Amino acid sequence: MKHILFELEGCPFETLNDDVLIYGMLILAAGSAKATLLHTHVHKFEPQGVTGFALLAESHISIHTWPEDGRAFCDVFTCGDHTEPEKAMALLETSLKSKSANTTIISRH
C-alpha cells in the first residue's frame, strides 16, 4: 500500500477553479494508476475552489483547490501490487500545470 500526499503550487486560477476539468482529471488519474474507479464526485465552492474525490476499489484519490493561491492539495492512496499511484500523481501535476510540487510518500502496512 502506498499513500502519496502532494501539494501543487503555481497552478493557474482557471484550471484550479474548473470543476468539470477536475472531474475528468480524477477519472484519468484513476486509469493511469491502474486502479478500479467506483465513483467520482466534485463540488465547486463559491466564490472559488473545488474539492474532488475518486473512490477506488483500491482506496481513493482526492484534490482540494485554492485557486486564489494557485495551490492544490492532493492525495493518492492505493493498495494492491498492480497499482501505480505515482502515475496518478504525475497526471494531476501535469494537468493542473503546477510549477512546483511538495511530495510525501508513505508506505502503509
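A polar contact is a pair of N or O atoms within 3.5 Å; within protein, one of them must be able to donate a hydrogen and the other to accept it, and residues adjacent in sequence count only if both atoms are side-chain atoms. Keep that in mind for the tour.

What you have open is a predicted model, where local features need pLDDT of at least 70, side-chain atom pairs count only at pLDDT 80 or more, and totals for chains, interfaces and linings use all residues. Residues are numbered from 1 along each chain as its sequence is written, and side-chain values use heavy atoms, with hydrogens and water left out.

**Stop 1: Ser 62 and Asp 75**

Select Ser 62, which sits in strand S4. (Strands are DSSP runs of E with at least two residues, helices are runs of H or I with at least four, and both are numbered from the N terminus.) Now show Asp 75: its side chain makes a polar contact with the side chain of Ser 62, at 2.2 Å. Ser 62 has 8% relative accessibility, so it counts as buried. (Buried means under 20% relative accessible area, exposed means over 50%, and partly exposed is in between, with a 1.4 Å probe and protein chains only.)

What does Ser 62 touch, not counting residues up to four places away in sequence? Look for Gly 52, Phe 53, Phe 73, Cys 74 and Asp 75. (Contact means heavy atoms within 4.5 Å.)

**Stop 2: His 60**

Stay in S4 and pick His 60. Is His 60 buried or exposed? Its relative accessibility is 16%, so it is buried. Asp 75 turns up here too: its side chain makes a polar contact with the side chain of His 60, at 2.7 Å. Beyond its neighbours within four places in sequence, His 60 is in contact with residues including His 3, Val 76 and Phe 77.

**Stop 3: the hairpins**

Next, colour S3 and S4. They run antiparallel and pair over six bridges, with Leu 55 opposite His 60. (Strands count as paired if DSSP finds at least two bridges between them.) Two residues lie between S3 and S4 in their hairpin.

Thr 51 in S3 is the bridge partner of His 43. This hairpin has five residues between its strands, and in the turn you'll find Gly 49 with a positive phi of about 110 degrees.

Now show the side chains of S3, which alternate.

**Stop 4: helix H2**

Select residues 19–32, the 14 residues of H2. At the start, a side-chain oxygen of Asp 18 comes within 3.1 Å of the backbone nitrogen of Val 20. Ile 22, Met 25, Leu 26, Ala 29 and Ala 30 are buried. They cover an arc of only 135 degrees around the axis, so they are on the same side of H2. (The arc is that of the directions from the helix axis to the C-beta atoms.) Val 20 and Leu 28, on the other side, are exposed. Among the elements that the buried residues pack against are S3, S4 and H3.

**Stop 5: helix H3**

Finish at H3, where Pro 85, Ala 88, Met 89 and Leu 92 are buried. Look down the axis: they fall within an arc of 100 degrees, so they line one face of the helix. The buried residues of H3 pack against S1, H2, S4, S5 and S6. After H3 comes Lys 97, with a positive phi near 55 degrees.

Methods
Expected span 1.5 Å × (residues − 1).
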